[in-house]
Amino acid sequence: MFFSKLKENLKKTKEAFDIKLDNIFGQNKDYEQIIDEIEEVLILSDVGVNTSAKICNNLRKSIKSEKDRSSENLKKLLKDQMVEILDRAKANSTNYENYDRAKQIILVVGVNGVGKTTSIGKLANLYRMQGKRVLLAAADTFRAGAIDQLEIWANRSDSDICLGKPMEDPASVVYEAVKKFKEEDYDILICDTAGRLHNKKNLMDELEKIKRIIDKNISNVKEEVFIVLDSTTGQNAILQVKNFFERTQVSGIILTKLDSTAKGGVVLSIVDELNIPIRYIGTGEKMEDISEFSSVDFVDSII
Ligand SMILES: Nc1nc2c(ncn2[C@@H]2O[C@H](COP(=O)(O)OP(=O)(O)OP(=O)(O)O)[C@@H](O)[C@H]2O)c(=O)[nH]1
Ligand SMILES: [Mg+2]
């Protein structure tokens, strides 16, 4: 996504930061006081208490060795600290050296209504534009309408789809899709799953089973598990994910609805607390409203 468009889509968060930060920088205070106030602004913007403290403690350290303590430089150092937090999260450390790098299977998980199916449609389009052959698996057989919804996205993005039947075991839909993926030599398989609460044991068992089916039936292909989080839920997004992590080895986050929130700062605390990288961000309902996450572009768009 073009940087200017990203900036436009994140403007609610940016405006919220700008008003508060301009107010702080506009006053004639010493830098220590200013950093204290920055910390408050970060907390109010859903960066989280711990992450805000971490950013500001580093800021206090780094400003000590600087001659230039102007507002501009302080703002630059603040952005550097934010980028550092965002870049620190490590992807799942599996060694993919012997894998066919062009091919991957992505399992998409998360609670209800966070934007899983929409993000899959957007991702399918993104990969199609890169010339890849994409197969989707409609393994949300639970919610009425979910299969049709994914089929619409398959048509829109010019991808193929394995259709599950209503109430069919989602693991068997995924099994069929993996088979088709291998036999017909697709580049990418993306599996949709039903939204589920993290504390529903039987539903988490089901996810684990889907993951096992993939692991068992394919090798030498990069496997990803993306958890989709709705940024408008702020700090609650963090509470939702722990069980998903334990059950499916989540390797990346897709953070959605950043266009609808002034609390985009939650990105920082999600990465910091969970130590999982954000891979894509959703910034609208349209097919092109997705971008690969770049920490520098993101920070430049919000502050
Ligand atoms: N504004 C905005 N809306 C989004 C974004 N991503 C998804 N949505 C909307 O969020 C709503 C739910 O999206 P779905 O893709 O159906 O969510 P889901 O996680 O698949 O939902 P379930 O399958 O029911 O659990 C839809 O109205 C989407 O258009 C986004 O980045 N920005
Ligand atoms: Mg869905």
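Modeller: Let's start with a word we'll need: a pocket is an open set of grid points where a 1.4 Å probe fits, with protein on both sides within 12 Å along at least five of seven lines. Keep in mind that this is a predicted model.

Biologist: Okay, how much space lies in the largest pocket here?

Modeller: The general idea is that rolling a probe the size of a water molecule over the atoms shows where empty space is left. In this structure, the largest pocket holds about 210 Å³.

Biologist: Which residues lie nearest the centre of that pocket?

Modeller: Look for Thr 118, Lys 122, Lys 257, Gly 284 and Glu 285, which lie nearest the centre among 15 lining residues. Sorted by class, the lining has 9 polar, 4 charged and 2 nonpolar residues.

Biologist: And which helix gives the most to the lining?

Modeller: That's helix α6, residues 116-129, with 3 residues.

Biologist: What about ligand 1: which residues are closest to it?

Modeller: Of the 19 residues that surround ligand 1, the closest are Lys 116, Thr 117, Thr 118, Asp 259 and Glu 285. Then check the polar atoms. Lys 116 has a polar side-chain atom 2.8 Å from an oxygen atom of ligand 1, and Arg 143 has one 3.0 Å from an oxygen atom of the ligand. For Ser 260, an N or O atom of the side chain sits 3.2 Å from a nitrogen atom of ligand 1.

Biologist: Let's move on to charges. How many salt bridges does a search of the whole structure find?

Modeller: Side chains of opposite charge can pair when their charged atoms come close. Here the search turns up 25 salt bridges. Take Lys 14 and Asp 18, whose closest N and O atoms are 3.2 Å apart. Both are in helix α2 (residues 11-25), and because they are 4 residues apart, about one helical turn separates them.

Biologist: Is Glu 224 buried or exposed?

Modeller: Buried, because its relative accessibility is 4% and the cut-off for buried is under 20%. Its salt-bridge partner is Arg 279, with the closest N and O atoms 3.1 Å apart. This pair links distant parts of the chain, 55 residues apart: Glu 224 is in strand β5 (residues 221-230) and Arg 279 in strand β7 (residues 278-282). Arg 279 is partly exposed, at 24%.

Biologist: Which residues are linked in a network of salt bridges?

Modeller: Lys 201, Asp 205, Glu 208 and Arg 247 form such a network.

Biologist: Last one: how do I read phi?

Modeller: Most residues other than glycine have a negative phi. Asp 158 isn't a glycine, yet its phi is positive, about 60°. Find Asp 158 in the loop between α7 (146-157) and β3 (160-163), where it counts as exposed at 53% relative accessibility.

Biologist: And where does Met 167 lie?

Modeller: Met 167 is in the loop between β3 and α8 (170-183). Its phi is positive too, near 70°, and Met 167 counts as exposed, with 59% relative accessibility.

Terms used:
Residues numbered from 1 in each chain as written. Chains lettered and ligands numbered in written order. Predicted model: local features only at pLDDT ≥ 70, side-chain atom pairs only at ≥ 80, totals over all residues. Heavy atoms only, no water. Salt bridge = Lys/Arg side-chain N within 4 Å of Asp/Glu carboxyl O. Helix = DSSP H or I, 4+ residues; strand = E, 2+ residues; numbered from the N terminus. Buried < 20%, exposed > 50% of the residue type's maximum accessible area, 1.4 Å probe, protein only. 1 Å grid on protein atoms, 1.4 Å probe; cavity = no way out; pocket = protein on both sides within 12 Å on 5 of 7 lines; lining within 4 Å. Points joined across faces, edges and corners; volume = space filled by probe spheres on them. Nonpolar A, V, L, I, M, F, W, Y, C, P; charged D, E, K, R; others polar. Near = heavy atom within 4 Å. Polar contact = N/O pair within 3.5 Å; in protein donor to acceptor, adjacent residues only side chain to side chain.
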